[in-house]
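Visitor: Could you walk me through this model, beginning with the terms we will need?

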Amino acid sequence: MSGGAGGGAGGFAEKFITSVPDTATVVVGAGGTATTSSVGSGGQSSFNGSVIAYGGAGGSANASTIETGTVTQQKGGIGGSSTGGDFNGTGQMGGWLLNSRTGNSQSGFGAASRFSGGGAGQGGAEAVGAKGSLGSGGSGALGGSSSASTSAHAGGNGGDGFVRIYEFG
């Protein structure tokens with residue numbers, strides 16, 4: 001039985017700007033990409049290079065064969081940080097993988113962001129991970145069954161970051 005923990009949510013930054021420039025550079029970070037053999041962290045989102053929210057880290061994977069009667073755990077990815085805001089928040093950590101040879105395993109949930117829930121953790125013996133959205137983490141996947149297996153499934157991709165701008169006046 002193999003499996004993965006959930007990805008961490010991206011950070012959050014909020015800034016009140018009284019003098020907005022005529023032009024500004026806005027970068028929207030891509031969500032982390034999950035494969036069957038590696039985990040990817042999300043990219044950073046920013047406003048004018050000074051208000052930055054970093055993507056969360058991918059969750060840990062366990063690709064080893066588990067002996068009968070044992071249970072293993074792998075921790076979820078840590079949440080991203082942020083800088084440059086009047087308010088800077090760290091993203092939530094992804095959920096733990098609980099892996100059992102009996103087929104009653106639970107992959108880690110993707111961490112929720114401030115704006116969206118994360119990918120739902122997968123239970124049972126075999127499942128593909130669920131994608132996150134709006135800066136949240138994707139869930140881990142489960143591969144194999146109660147017997148040794150070579151099957152593997154990708155975890156859910158993390159949700160892309162986003163930049164929200166309100167203009168008053």
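Guide: Let us start with accessibility: a residue is called buried under 20% relative accessible area, exposed over 50%, and partly exposed in between, with a 1.4 Å probe and protein chains only. This is a predicted model, in which local features need pLDDT of at least 70 and side-chain atom pairs count only at pLDDT 80 or more, while totals for chains, interfaces and linings use all residues. Residues are numbered from 1 along each chain as its sequence is written, and side-chain values use heavy atoms, with hydrogens and water left out.

Visitor: Fine. How many helices and strands are there in the protein chain?

Guide: The protein chain has zero helices and 13 strands, where helices (H or I, at least four residues) and strands (E, at least two) are DSSP runs numbered from the N terminus. Of its 169 residues, 39% count as buried. Taking contact to mean heavy atoms within 4.5 Å, residues 24 or more positions apart account for 57% of the contacts that have a separation of 6 or more.

Visitor: Which strands make up the open sheet of four?

Guide: The order in that open sheet is β3-β4-β5-β8, with antiparallel pairing, and two strands are said to pair if DSSP finds at least two bridges between them. Strands β3 and β8 stand at the edges with a single partner strand each, so one side of each is left without a neighbour in the sheet. As background, strands of a sheet pair through backbone hydrogen bonds, either parallel or antiparallel.

Visitor: Speaking of salt bridges, how many does the structure hold?

Guide: The structure holds one, a salt bridge being a side-chain nitrogen of Lys or Arg within 4 Å of a carboxyl oxygen of Asp or Glu. The pair is Asp 86 with Lys 15, whose closest N and O atoms are 3.5 Å apart. Because Asp 86 lies in the loop between β8 (82–83) and β9 (87–89), and Lys 15 in the loop between β2 (12–14) and β3 (26–27), the pair ties together parts that are 71 residues apart in sequence.

Visitor: Is Asp 86 buried or exposed?

Guide: Asp 86 is exposed, with a relative accessible area of 53%, whereas Lys 15 is partly exposed at 41%.

Visitor: Switching topic, where is Ser 107 placed?

Guide: Ser 107 is in the loop between β11 (105–106) and β12 (123–124), and it is buried at a relative accessible area of 2%. Its side chain reaches the backbone nitrogen of Gln 122 at 2.7 Å, and a polar atom of that Ser 107 side chain lies 2.8 Å from the backbone oxygen of Gly 140. A polar contact here is a pair of N or O atoms within 3.5 Å; within protein, one must be able to donate a hydrogen and the other to accept it, and residues adjacent in sequence count only if both atoms are side-chain atoms.

Visitor: What else does Gly 140 contact, neighbours within four places aside?

Guide: Gly 140 is in contact with several residues, among them Gly 4, Ala 5, Gly 129 and Gly 155. Gly 140 is found in the loop between β12 and β13 and is buried at 3% relative accessible area.

Visitor: Last one: what is the phi of Asn 48?

Guide: Asn 48 has a positive phi of about 55° although it is not a glycine, and Leu 134, also not a glycine, has a positive phi of about 45°. Most residues other than glycine have a negative phi. Asn 48 is found in the loop between β4 and β5 (51–53), while Leu 134 is in the loop between β12 and β13 (142–143). Asn 48 counts as partly exposed at 36% relative accessibility, and Leu 134 counts as partly exposed at 39%.
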